[in-house]
Amino acid sequence: MDHDATADINSPHSMGTTIIGVTYNGGVILGADSRTSTGLYVANRASDKITQLTDNVYICRSGSAADSQIVSDYVRYFLHQHTIQLGQPATVKVAANLVRLLSYSNKNMLQTGIIVGGWDKYEGGKIYGIPLGGTIIEQPFAIGGSGSSYLYGFFDQAWKDNMTKEEAEELVVKAVSLAIARDGASGGVVRTVIINSEGVTRNFYPGDKLPLWHDEVEAHDSLLDILNASEPMSI
Amino acid sequence: MEEVPKTGFSFDLCRRNDMLSKKGLKSPGFLKTGTTIVGLIFQDGVILGADTRATEGPIVADKNCEKIHYMAPNIYCCGAGTAADTEAVTDNISSQLKLHRYHTGRESRVVTALTLLKSHLFRYQGHVSAALVLGGVDVTGPHLHTIYPHGSTDTLPYATMGSGSLAAMAIFESEYREGLTRDEGINLVTKAICSGIFNDLGSGSNVDVCVIEKGKKEYLRNHLTPNPRTYISSRGYTFSKKAEVLLTKITPLKEVVDVIEVGGDAMEE
């Protein structure tokens, strides 16, 4: 028990992560990978880092899993009360500011970076980035998590204003898969959430549906499946 | 200038303990469960499994402890980490759930237990060392969650926790499918726990299984005992030759109590 081959499975649960939020003409698209790690072990290879706050506002969580879950729970609760008092759906700006208030006032104890994205009837699609420390910054696109380091240059080159929904989703999936290829703490599948005036659409891209990058090999059927198959399989 | 009293949990004693251990004071040992705990969702509900070894450093303190804790008639929780912490936190939340059931008049839901557990663990910032696998069936269907000591949770179709989690997860990842039958599920859980028992030093002894379905549950204590005591001395226990036995008195600990009905008067206010 002293020799810890798993390299500290008692580390706090953190989301290595790549999270992205982009605006397009008509709404926003949020994207994320699905890996949650404790030290060097992948605790959950299919986690959902895009969490719902209200019908029209979602957030991407990164950093400490516990801290980001608690913050999103509190903000969902406050937003719910706010919606009841206001009498109409909350705006993305209010949601983002509630996240900011919690993150900033508890900055010494929290370790979580959040991207808030949604659609409301006043401002349309909006993305707000709230990194460690609790600043709030409204951006046309935002990236976060350990995998985002590999995407700054990519977005400088590939980002265009006023994209269509298809272009924007392609960009998000491409970006997350590039980060997964290079960042050890990101992996699994790519999840996207599209929010616009019509509503919310969730999409799921398993590993073998993602584009292949430099030196990556095509997915094969696993040896386990081939050995257990009842009839001959093709590779 | 008067100090404003701080709200929230005070971690002063934790800091004191850290300072003392740095100075060289050996902190009291505590019972850890080492452990392999698993859970999986099958076609009719949830199956939980656990090994039964409790360790105190390198020594096995309990060869047959119970790691599957009762939370509600339809919800059970496996616990890994410090034995006192898992026991206390599951007992506490089990009581809170019972009061909630009295208050609402309804069967407890798994997400209620989940929220109570995660808020408790988050408040203590990871110092309550309890890693849990929570499973149950309620009106909304079967649920399985993992809860980490810092308060984060995951919702999964199959999960493993504890020092033997890697060995058990290897079994699940190669053999789990959706829509397992009850027997297939029990076999897979048993296989995963055995993998932990035989490959992880912190887990051992027997396999406990708990099957929860809609409206019923089955707690299979010591479902499998792959580590029986191999040699038992045929002589039994005898006192050493130097001791002279003067008197032998055997007192049964459980006394049988006779209930005598007197009159049968009605209770009066």
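In this predicted model, strand S1 of chain B, residues 37-42, runs antiparallel to strand S2 of chain B, and six bridges join the pair. The two strands form a hairpin, with two residues between S1(B) and S2(B). One bridge can be picked out by its residues: B:Ile41 is partnered by B:Val46 in S2(B).

Strand S2 of chain B also pairs with strand S11 of chain B, which covers residues 207-213. This pairing is antiparallel too, and it is made over six bridges. Within it, B:Leu48 stands opposite B:Cys210 of S11(B). How many of the residues of strand S2 of chain B are buried? Six of the six, residues 45-50, are buried, so the strand is largely enclosed by the rest of the structure. Buried here stands for a relative accessible area under 20%.

These strands belong to a chain with five helices and twelve strands. Chain B has 269 residues, and 42% of them count as buried. Its contacts can also be sorted by distance along the sequence. Taking contacts in chain B between residues at least 6 apart in sequence, 63% join residues at least 24 apart.

B:His69 is part of strand S5 of chain B, which spans residues 68-72. Is B:His69 buried or exposed? Its relative accessible area is 8%, so B:His69 is buried. The side chain of B:His69 reaches the backbone oxygen of B:Lys67, at 3.5 Å. Once neighbours within four places in sequence are set aside, B:His69 is in contact with B:Tyr76, B:Cys77, B:Gly79, B:Thr86, B:Glu87 and B:Thr90.

Chain B also touches chain A. The contact involves 22 residues of chain B and 18 residues of chain A. The size of an interface is often given as the accessible area lost when the parts come together. Between chain B and chain A about 1700 Å² is buried, and carbon and sulfur atoms give 59% of this area. Two salt bridges are found across the interface of chain B and chain A. A salt bridge joins the side chains of B:Glu173 and A:Arg45, with 2.5 Å from N to O. Six residue pairs are in polar contact between chain B and chain A, counting pairs with both residues at pLDDT 80 or more.

Which elements of chain B give two or more residues to the side that touches chain A? They are helix H3 (110-123), strand S9 (153-155), strand S10 (158-161) and helix H4 (165-175) of chain B. H4(B) supplies the largest share of that side, with five residues.

An unreviewed UniProt entry has the annotation "active site" covering A:Thr17. A:Thr17 sits in the loop between strand S1 (13-15) and strand S2 (19-24) of chain A. With a relative accessibility of 0%, A:Thr17 counts as buried. What surrounds A:Thr17, leaving aside neighbours within four places in sequence? A:Thr17 is in contact with A:Asp33, A:Lys49, A:Arg61, A:Ser62, A:Gly144, A:Gly145, A:Ser146, A:Gly147, A:Asp183, A:Ala185 and A:Ser186.

Strand S2 of chain A runs antiparallel to strand S11 of chain A, and four bridges join them. In this pairing A:Ile19 has A:Gly144 of S11(A) as its bridge partner. Strand S11 of chain A covers residues 141-144. A:Phe141 and A:Ile143 point one way from this strand, while A:Ala142 and A:Gly144 point the other way, and all are buried.

Most residues other than glycine have a negative phi. A:Asn162 has a positive phi, near 60 degrees. This residue is found in the loop between helix H3 (152-158) and helix H4 (165-182) of chain A. Its relative accessible area is 56%, so A:Asn162 is exposed. In chain B, the phi of B:Gln125 is also positive, near 50 degrees. The loop that holds B:Gln125 lies between H3 and strand S7 (130-138) of chain B. B:Gln125 has 31% relative accessibility and therefore counts as partly exposed.

Technical notes. Residues are numbered from 1 along each chain as its sequence is written. Chains are lettered from A and ligands numbered from 1 in the order in which they are written. This is a predicted model: local features need pLDDT of at least 70, side-chain atom pairs count only at pLDDT 80 or more; totals for chains, interfaces and linings use all residues. Side-chain values use heavy atoms; hydrogens and water are left out. Buried means under 20% relative accessible area, exposed over 50%, partly exposed in between (1.4 Å probe, protein chains only). Two strands pair if DSSP finds at least two bridges between them. UniProt positions are given in the numbering used here, feature names are shortened, and annotations may be inferred rather than shown by experiment. Contact means heavy atoms within 4.5 Å. Buried area is the accessible area (1.4 Å probe) that two parts lose on being put together, summed over both. A salt bridge is a side-chain nitrogen of Lys or Arg within 4 Å of a carboxyl oxygen of Asp or Glu. A polar contact is a pair of N or O atoms within 3.5 Å; within protein, one must be able to donate a hydrogen and the other to accept it, and residues adjacent in sequence count only if both atoms are side-chain atoms.
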